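Visitor: I'd like to know where the labels on this one come from. Can you walk me through them?

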Amino acid sequence: MDNPPEREIQQIIRKTQREWYADGIWEIGFGVAILLIALFYWVSEWLNLELHLGMGLPVVQLFFFMAAFLCTRWFIAMLKERVAFPRTGYVVFRRPQPHLWWRRIALGLGVGMAIGGLQVIFAGEGSKSVAWVGLVFALVMVFLSLRFGVGRFFVVGLVTFGLGMGAALFIPDAWRGMTALFTAFGALNLISGLVTMFLFIRRYPVALEGQEEGE
């Protein structure tokens, strides 16, 4: 049987983690990163990079994914400082460690390798890779929803699953299907984040300079 104080500590930790997503800024940053990746697919299609780069295209794809997620870190931190922290404050538990940069590089590599791997596995089988990527995205959002108790992530996950299946069914070309899926998934996260941030700003207005609490 769990120790009651331990359960209370875990609940506090979970609530603190959930508050990180309360302002929608993480979703905005994540959505921007996904849209940058979608831009890569659009440009690749437009310039026909698959023909020009051949086997070098997956390497370029990996570096682009890493750059997108690294830029997201800066973007989220900037919005947190300008929008969230002036309203709710913040607590620093420990100094950031350098290895956090490697985590984001690993995340970009992981996403790029996973998507590239699915494209290789399902090469010649049309848009199956698009369906699998949509499923992976949906599972990630559902996991985040259950892990941190953020209900809107679950909705985003369900919609993403439908988007993946729809792209696989109605867009025969895998590359164009992936482009459409990333665009829709990024836009979905961006819109969800913007709406959440708008509600957050209305709920927590910044106090006027010199205004005392309770006035």
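Guide: Let's start with a term: buried means under 20% relative accessible area, exposed over 50%, and partly exposed in between, using a 1.4 Å probe and protein chains only. This is a predicted model, where local features need pLDDT of at least 70, side-chain atom pairs count only at pLDDT 80 or more, and totals for chains, interfaces and linings use all residues. Residues are numbered from 1 along each chain as its sequence is written, and side-chain values use heavy atoms, without hydrogens and water.

Visitor: What makes T72 buried or exposed?

Guide: T72 has a relative accessible area of 10%, so T72 counts as buried. T72 sits in helix α4 (residues 57–88); helices are DSSP runs of H or I, at least four residues, numbered from the N terminus. Leaving out residues up to four places away in sequence, T72 touches G29, F30 and A33, contact being heavy atoms within 4.5 Å.

Visitor: Why are α7 and α8 called roughly antiparallel?

Guide: Helix α7 (residues 151–170) and helix α8 (residues 174–203) pack at about 160°, with axes 10 Å apart. Angles under 35 degrees count as roughly parallel, over 145 as roughly antiparallel, 65 to 115 as roughly perpendicular, and the rest as oblique. Therefore α7 and α8 are roughly antiparallel.

Visitor: Which residues of α7 meet α8?

Guide: Among them are V156, L163 and A167 in α7, which meet residues including L181, F185 and L188 in α8.

Visitor: Where is confidence lowest and highest?

Guide: pLDDT, the predictor's confidence in each residue, runs from 0 to 100. Helix α5 (residues 99–121) is lowest, at a mean of 56, and α7 highest, at 93. Where pLDDT is low, the predicted coordinates should not be read in detail.

Conventions: Axes are lines fitted to C-alpha atoms, for helices over the stretch in contact, and angles run from 0 to 180 degrees between N-to-C directions. Helices (H or I, at least four residues) and strands (E, at least two) are DSSP runs, numbered from the N terminus.
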